[in-house]
Amino acid sequence: MPKIKIDLPQEAYLNNPFLRLVNRQHQLRSELVFDRFKIGRQSFDKGILDNLMHLISDAERHMFKITLVCGYKSIAQQKQRYDRQIRLLKKQGLTSIEAASELLQTMPEPGASEHHTGLAVDLIDKSFLDEMGGLSTASDQLSSQQWLIANCSKYGFILRFPKDKEAQTGVAYKSWHFRFVGIENARYMQALNLSLEEFITLLKKEKRDKLTIPTQYNS
């Protein structure tokens, strides 16, 4: 049976700020300027506020208590955390090279983290977080996390690092890490099972370079 072609969303352009690709091959060298909104100790791009709040409130209507674990982190904050982890590994007897190699399996170097954009959020069941004391892929066994993963695209988010896309993303599976890309883009990517890297490659192939972005897409 031939594959059904789905037209690209109208906002699927490379210069859409919600589609900014940040990874080890596309690192940020300086801080981004955008309006931030803070919830508790976490902040994020104000442009995703309504969508994020709708996602969390709808999860609560399903009797799921979701907590925002991590939002925006500056490059300086990432570097501080990265350097601290390197020091801990070196205290365990590893050389600088060995420590960096081991750490990069679980943590991106400063500048390679999506949390710099303010568009990435770590969401997880509060009770599970309290019990485990930290983030864990085992959360995907929870009904709450399964609901988030299945429904996040309705609110413009994607599960950024799925199990079956590690070769494309270069990052191990993270059941808690969600990235805002816009509702139509998220639905398209979910329907075709595309990672953000694959979606960006498709946009380049289709020469979707520039869109005069409406106000709602400004961050």
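Helices (H or I, at least four residues) and strands (E, at least two) are DSSP runs, numbered from the N terminus.

Before going on, note that this is a predicted model, in which local features need pLDDT of at least 70 and side-chain atom pairs count only at pLDDT 80 or more, while totals for chains, interfaces and linings use all residues. Residues are numbered from 1 along each chain as its sequence is written, and side-chain values use heavy atoms, leaving out hydrogens and water.

**Stop 1: α2 and α3**

Colour residues 75-91 (α2) and 96-103 (α3): their axes come within 9 Å and cross at roughly 120°. Axes here are lines fitted to C-alpha atoms, for helices over the stretch in contact, with angles from 0 to 180 degrees between N-to-C directions. That angle makes α2 oblique to α3 (under 35 degrees is roughly parallel, over 145 roughly antiparallel, 65 to 115 roughly perpendicular, and the rest oblique).

Now show side chains. Tyr82, Gln85, Ile86, Leu89 and Lys90 of α2 meet Ser96, Ala99, Ala100, Glu102 and Leu103 of α3, where contact means heavy atoms within 4.5 Å.

**Stop 2: Ile75**

Stay in α2 and pick Ile75. Is Ile75 buried or exposed? Ile75 is buried, with a relative accessible area of 17%; buried means under 20%, exposed over 50%, and partly exposed in between (1.4 Å probe, protein chains only). Beyond its neighbours within four places in sequence, Ile75 has contacts that include Leu28, Arg29, Pro110 and His116.

**Stop 3: α1**

Next, select helix α1, residues 49-61. Buried residues in α1 are Leu49, Asn51, Leu52, Leu55, Ile56 and Ala59. Step just past α1 to find Met63, with a positive phi of about 70°.

**Stop 4: Ser144**

Jump to α5 (residues 143-151) and centre on Ser144. Ser144 is buried, at 3% relative accessible area. Not counting residues up to four places away in sequence, Ser144 touches Phe64, Ile66 and Asp125.

**Stop 5: Arg41**

Finish in the loop between β1 (36-39) and β2 (42-45), where Arg41 is found. Arg41 is exposed, with a relative accessible area of 78%. Draw a C-alpha to C-alpha distance from Arg41 to Tyr72: the two are 31 residues apart in sequence and 10 Å apart in space.

How values were computed:
The expected span of a helix is 1.5 Å times one less than its number of residues.
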